[in-house]
Amino acid sequence: MIRRPPRSTPKPSSAASDVYKRQVHTMPSHLAKHWNLEPSRIFLNHGSFGACPEFVIEEQRKWQDRMESEPVRFFEDEMPLLLKQSRDALADFLSCSSEDLALVPNATTGVNTILRSLIFSKGDEILVPDHAYQACRNAIDFVARRWGATVVTVSIPFPIDGPEIVVDLMMGAATEKTKLVMIDTVTSPTGLRMPFEELTSLFEEKGIEVLLDAAHGIGMIPLHLDELGASYVTSNCHKWLCAPKGTAFLHVRSDKQNKIQPLTISHGHTFPLGTTTRFRHEFDWTGTQDISGWCTIPGVIQGMEDLIEGGWPAIMQHNHDLAIEGRNLICETLGIEAPCPDSMIACISTLQLPGEPLPHEIMHEPDPLHEILSSKYNIQVPVWSWPSPAGRYLRISAQLYNTIEEYQVLVNALRIELNCD
């Protein structure tokens, strides 16, 4: 990897940065009008919780109004068809059978659903890279302690020269005791697009079940689930698909469904099967909840498709290209080494900042730089310290409402606050 020298442009003053900010927001992306984001805010953090376009918010409210106008009719008569329509729309988008899909609130719930359903023996091994999302890693540790299983953590370098390193390290850590491996599509802390397709194929061929944590998945990168062949896949629809908060899916391969149950056992556990499956009965009804977010999914997929010429492939390519352009701008200006090849970037990119990481025990507290960027420069971008691999990181996201000028404002602010010449 090449370390790029800093640009020779002069360091802007705080006042100059403020002026430039105002100039940026007089020329936003022409697509920003579809979102309700604060006009004065530079929002470079779509990756954390997503952001809904206005048309999605309006549609969800219509479903909520419909639900509350006659709740009994809505839940008893209308809901089964509405959930099927949403699963059918997801199935078309994901190239899989809708019968293998369950609607869940978020990917962490999906991961917990699988882990809490599986039975392990003492000494069984669960394989996970050290870049895993901490909430999901917590679930693995919890389940392993309950069964006496062993968690094998695979250290993945960052910076990294290519995806083949991930494949070699992950496959090299597998043994005859490995029963399950959790793989990310795109890692949350380090923003790496993992070689999950190749890893899934290799592990499943060895008889090792793959749990694909695709929290950063649907709407970000193409997913063809039947072709992929993972035992279990879960993904957040509220991130890159831009669905409402609390909408996600869990895909369970048909031959694995008999051992997977929802976290909440309800009427579907004993309801007569009829022409459907126990998997369908149990996951389609886990108690009364607001399903309006799930009801919007067909409209979300089509509405986002219609925003730009070329539809979803063009959206994914646009966001990918902008994330790389933004990353390169930061690297070139600040003299930061690009931590991975372009092939390992999707729509988010993490960069290691100069200096030492904050102590591990305060890694979950707000980083002072994050607070400064937010309060002083009105930039929303995550900054945190991570213990493995150790470093202080900044992660940018790219969505249709972003422009390269917004990353320039971030660069100006970083040059001031990090004292970069």
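Author: What follows takes the terms one at a time, with the values behind them.

Reader: What should I know about the numbering and the cut-offs on confidence?

Author: This is a predicted model, in which local features need pLDDT of at least 70 and side-chain atom pairs count only at pLDDT 80 or more, while totals for chains, interfaces and linings use all residues. Residues are numbered from 1 along each chain as its sequence is written, and side-chain values use heavy atoms, with hydrogens and water left out.

Reader: Why is Phe75 called buried?

Author: Buried means under 20% relative accessible area, exposed means over 50%, and partly exposed lies in between (1.4 Å probe, protein chains only). Phe75 has 16% relative accessibility, so Phe75 counts as buried. Trp285 has a relative accessible area of 23% and is therefore partly exposed.

Reader: What makes Phe75 and Trp285 an aromatic pair, and of which kind?

Author: Rings of Phe, Tyr and Trp (its six-membered ring) pair if their centres lie within 6.5 Å; planes under 30 degrees apart count as stacked, over 60 as edge-to-face and the rest as tilted. The structure holds seven aromatic pairs. In the pair of Phe75 and Trp285, the centres are 6.3 Å apart and the planes stand at 80 degrees, which is edge-to-face. Phe75 belongs to helix α4 (residues 71–94), whereas Trp285 sits in the loop between α10 (278–284) and α11 (292–295), 210 residues apart. Helices here are DSSP runs (H or I, at least four residues), strands are runs of E (at least two), and both are numbered from the N terminus.

Reader: How do you know where α4 has a kink?

Author: The bend at a residue is the angle between axes fitted to the seven residues ending there and the seven starting there. At Glu78 in α4 there is a kink of about 60 degrees, shortly before the proline Pro80. The buried residues of α4 include Glu78, Met79, Leu82 and Leu83. Just after α4, Ser95 takes a positive phi of about 55 degrees.

Reader: What makes β3 and β4 paired strands?

Author: Two strands pair if DSSP finds at least two bridges between them. Five bridges join β3 to β4 (residues 150–154), and the strands run parallel. Ile126 stands opposite Val151 in β4. Three bridges join β3 to β5 (residues 178–184), again parallel, with Ile126 opposite Leu180 in β5. Strand β3 (residues 125–129) is mostly covered, as five of its five residues are buried.

Reader: Why is the unit of β3, α6 and β4 given a hand?

Author: A crossover is right-handed if, with the strands pointing away from the viewer, the path from the first strand over the helix to the second runs clockwise. The β-α-β unit made by β3, helix α6 (residues 134–147) and β4 is right-handed.

Reader: What makes β9 an edge strand?

Author: Three strands form an open sheet in the order β9-β12-β11, with antiparallel pairing. The edge strands, β9 (348–352) and β11 (383–387), each pair on one side only. Five bridges join β9 to β12 (residues 390–397), and Gln352 stands opposite Tyr393 in β12.
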